[in-house]
Amino acid sequence: MAAAAAASHSLAVFRHQRLASSWAATVADHARSGRHDAALTVFRRVLRAHPAVATSDQLAYAALLRCRDRRLAYQIHAQACRRGQAASNPVLACSLLAFYADCEDCDSASRVFDEMPHPDAVSYTAMISALLRAGDCRRALALYPRMLPLCTPTQHTFSKLLAACTSMSLRRHGTQLHAQLLRWGCWGPHLSLVLKTALLHMYAACGAMVSARTVLHATPETDVVLWTAIITAYSRGGQLQHALQAFRDMERATVPPNAFTYAALIAACSAARSLHIGRLLHARLFKFCLEDDTSACNALLDLYSKSSMRFLDLLHAFRAVDTPNVVSWTAFIAGLLRHGRDQEAFAAFARMRATGVQPNSFTLSTLLKGCTSAHACLLAAKIHAYVLKTSFESLDAAVGNSLVDVYARSARMDDAWDVATTMSFVRDRFTYTSLAKGLNQMGLHHRALDMILHMFHEEVQIDGFSLACFLSAAATLASIEAGKQLHCCAVKLGLADEVSVSNSLIDMYSRCKCLEDAKSAFGSVREPSVVSWNAVISGLASNGCYTEALSAFEDMILAGAQPDGVTFSVVLSACSHCGLVDIGIKHFYSMMNLFGVPPQKNHYTLFLDMLRQAGRLTEMADTIEAMPIPLDFVSLKGPAGILQGPQ
């Protein structure tokens, strides 16, 4: 009897083990193949028929966690904690870590990790991965020194840590990890492609392209991912020639490029406005049958949108995309706007939504920035309505700033302020600069200066462009005090050397008749641009210092600066006011002959008025006869003004 009972018990145990291993293997196979529903169905059937078997196999639990069923995962975690398996079983613990990492539940992952008595390299790597998914790169890197005394990092650990350095451009930390790899002999033939790729990405993200190339050539083994990574890095840095050289090296290494390689090269052409090379790369896409790839087509769309004057290039590139995504539609809309086809851009936006592709904030901000026609405000209001309908929280910064800018340019300051008010916690210097510009255009200069107080209260940093806008408002006030305070603010913030701020200071002091301060501001500019020269010449002329203004123009020529139409308008006006007709005639004819600046209507008006005041009617008649543009008699005080002679 005892022998029979023992045999029966042994048979039951055998069947139990066979059943457990059989169903666990089936679940694992389904989970690995992505057949999650099938894996869950098998588990539920075993759970109903043999609950003791279903709740005892930790390997089956680990496989079930791949199914990403949150409710089931929480039940498995609870069951494992009740049985004391969550901390003692490293396979199950790592599976729980991976599950919480995929769900971006970093707190739960941290609790699982902290409960493990002896975490190994796999556990540490899983926790580092979870922190990286949560965007907490610093905590991920902080685990590395904790890990070293306990276990040896794996190749996968280093690739995760280097990914953290890449995302934060932490070159020093990445170099230290590289040194650790060298110390352990992971270099030369022992450097795997995975580590080479991670190191190259890290150095490229930090702008250390020499080190990136050193890693690339550390071993003869390369692949298309490595070469594409370095080409992409050159492309993002705006180094088209270096990207093309790397592409030629790639071909010499007999590594065939893929669609992502060509997309990176075309993106470099787009940034450099190199349409010719972009067309050659487009031809290569056809040669290697890659013309239907979405990433390559999107890069071509961006190239033709920015660089081609032919609308058909943009249209054909868009039609080549089999299934346009949000990037495709956004590039196409941007191209339509650059070609001045505002209505077609909005029609494309409607078609995009009709096809089920939802616009992102970049799509909406691109559409708003392109609203430059007379109907800009109406079009912006339609987008505003769409945003309010689809967004339940505060406005995105990019979309909100674009709306503020359009409303401010259209002098609808109440609407602009309403949008800025709804941008809670995302208002920045662009928001307030757009508001200040709009108020300046409406002549509400005091209200424009009030924006500074809002920026200080919200701890929004002032930059050179916003400060220049505030200086323009201060220049219109009767008192110089506001301008001087802004000048002090520029010095304190380290913005006084910025060209936009210096030019605004010159203009502000000139309007307030503080010429010495204007000259001092001009003298502080290291490399004056044409705008800087125009500001000081105009400031001198507007304050009646015509001779000094003409002398500043001569200094400008001697300094090698290229005058523009604004410069010659001021110079001709100064010559007219101080009666230097011959000098004015010389400067007028030097516009086109010496500097290649074609005279516009306002230049002819100033020149003819100068000749009229000097009584040189014959030269007036000759000039009118030779003019390539029709004469505006209104600007010469009516048709009779030509015959009146000097006054």
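**Aromatic pairs and a buried serine**

Reader: Which residues does Ser532 touch, not counting residues up to four places away in sequence?

Author: This is a predicted model, where local features need pLDDT of at least 70, side-chain atom pairs count only at pLDDT 80 or more, and totals for chains, interfaces and linings use all residues. Residues are numbered from 1 along each chain as its sequence is written, and side-chain values use heavy atoms, with hydrogens and water left out. Contact means heavy atoms within 4.5 Å. By that rule Ser532 touches Val499, Asn503, Ile506, Phe522 and Val525.

Reader: Does Ser532 count as buried or exposed?

Author: Buried means under 20% relative accessible area, exposed over 50%, and partly exposed in between (1.4 Å probe, protein chains only). Ser532 has 0% relative accessibility, so the residue counts as buried.

Reader: Why is the pair of Phe588 and Tyr604 edge-to-face?

Author: Rings of Phe, Tyr and Trp (its six-membered ring) pair if their centres lie within 6.5 Å; planes under 30 degrees apart count as stacked, over 60 as edge-to-face and the rest as tilted. The structure holds 13 aromatic pairs. In the pair of Phe588 and Tyr604 the centres are 5.5 Å apart, and the pair is edge-to-face because the planes stand at 70°.

Reader: Which residues form one aromatic cluster with Phe588?

Author: Phe588 is buried, with a relative accessible area of 5%, and Tyr604 counts as buried at 10%. The aromatic cluster that holds Phe588 also includes Tyr589, Tyr604 and Phe607.

Reader: At what distance from the ring centre of Phe311 does Arg341 lie?

Author: A charge sits over a ring if NZ of Lys or CZ of Arg is within 6 Å of the ring centre and within 35 degrees of the ring normal. Arg341 lies over the face of Phe311, and the distance from the ring centre is 3.8 Å.
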